[in-house]
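Trainee: I am new to this structure and would like a close look at one part of it. Could you take me slowly through its salt bridges?

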Amino acid sequence: MAIGIDLGVKTLAVMADSAKEIREVANPRHLDTALKQLRHASRTVSRRQGPDRRMGHKPSKRWEKANAARNRVHHRVANLRADALHKLTTSIAAEYGTVVVEDLNVAGMLRNRRLARRIADAGFGEIRRQLEYKTRQRHATRLVVADRWYPSSKTCSECGAVKAKLPLHVRTYICDACGLVIDRDENAALNLAALAAAAVTGTGVAGDQDTAPAASKPRGADRKTRATRPGRTARTGRAGGATLPHQWQTETRDRPQAEAFTLWRRDGPSGPQCPEC
Ligand SMILES: [Zn+2]
């Protein structure tokens with residue numbers, strides 16, 4: 001049995017299995033609920049006499065106590081999040097033979113100010129990491145990572161037609177070719193589950209394992225040059241007042257996806273096409 005997982009912010013995960021059954025996991029949003037507690041705790045901390053390194057003041061006992069209380073809230077959020085994610089990924093890895101996830105650009109999404117906190121709280125990157133090692137531990141299970149440019153949301157899960165555009169606020173997928181009306185995330189999860197079937201039966205659209213690392217990623221998005229200079233050079237540059245601020249911002253955090261299993265490529269004519277269009 002295969003499962004496709006579409007990660008999101010509103011619902012943490014929408015999952016579709018090969019029998020087209022849909023399962024949803026709500027996003028617990030632990031940080032959101034704890035933010036009020038955190039604000040309160042932080043305000044208490046800031047009213048206490050804290051440490052001052054320049055003046056050499058030690059923090060007061062009351063500051064230390066308040067600060068410890070604030071740290072406890074942070075730790076609780078982290079524990080709740082870790083617990084929920086582990087339960088989710090363990091059950092997925094135990095139940096299914098093939099798990100398909102999107103290759104999300106988590107580092108890039110974290111750079112989006114509006115989404116960063118939500119995405120960090122949801123733990124997208126952590127879900128992927130856990131699935132990777134948990135599927136590796138269970139030899140009966142494997143993880144398939146769909147190509148970053150595979151249009152899982154824009155493809156019709158019924159007839160395979162691909163929409164040119166589907167803005168994020170459009171939550172319902174309506175197929176122009178076959179008239180399918182389906183929830184956006186369910187559609188994406190179904191497409192991912194279908195990719196697993198293609199990989200199992202060997203009718204995969206593209207990407208043999210050997211050619212994938214070199215030939216995929218047509219836009220070369222994972223091959224961006226690292227612009228970070230080695231520490232010493234950067235420092236001398238700064239001393240001369242010549243370092244440009246953008247040198248510090250252009251580092252790509254994308255790691256090469258060595259074991260990623262690419263199933264879909266953008267080069268060909270353009271992936272699965274609807275017979276009607
Ligand atoms: Zn369709």
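Mentor: Let us begin with D83 and K87, whose side chains meet in a salt bridge at 3.1 Å, N to O, the term standing for a side-chain nitrogen of Lys or Arg within 4 Å of a carboxyl oxygen of Asp or Glu. D83 counts as partly exposed at 39% relative accessibility, while K87, at 55%, counts as exposed, where buried means under 20% relative accessible area, exposed over 50% and partly exposed in between, with a 1.4 Å probe and protein chains only.

Please keep in mind that this is a predicted model, in which local features need pLDDT of at least 70 and side-chain atom pairs count only at pLDDT 80 or more, whereas totals for chains, interfaces and linings use all residues. Residues are numbered from 1 along each chain as its sequence is written, and side-chain values use heavy atoms, with hydrogens and water left out.

Turning to helix α5 (residues 124-137), E132 and R128 also lie four residues apart, about one turn of the helix, and their side chains form a salt bridge at 2.7 Å, N to O; R128, at 18% relative accessibility, counts as buried.

A further pair is R29 with D32, joined at 3.8 Å, N to O, with R29 partly exposed at 28% and D32 partly exposed at 24%.

Terms used
Helix = DSSP H or I, 4+ residues; strand = E, 2+ residues; numbered from the N terminus.
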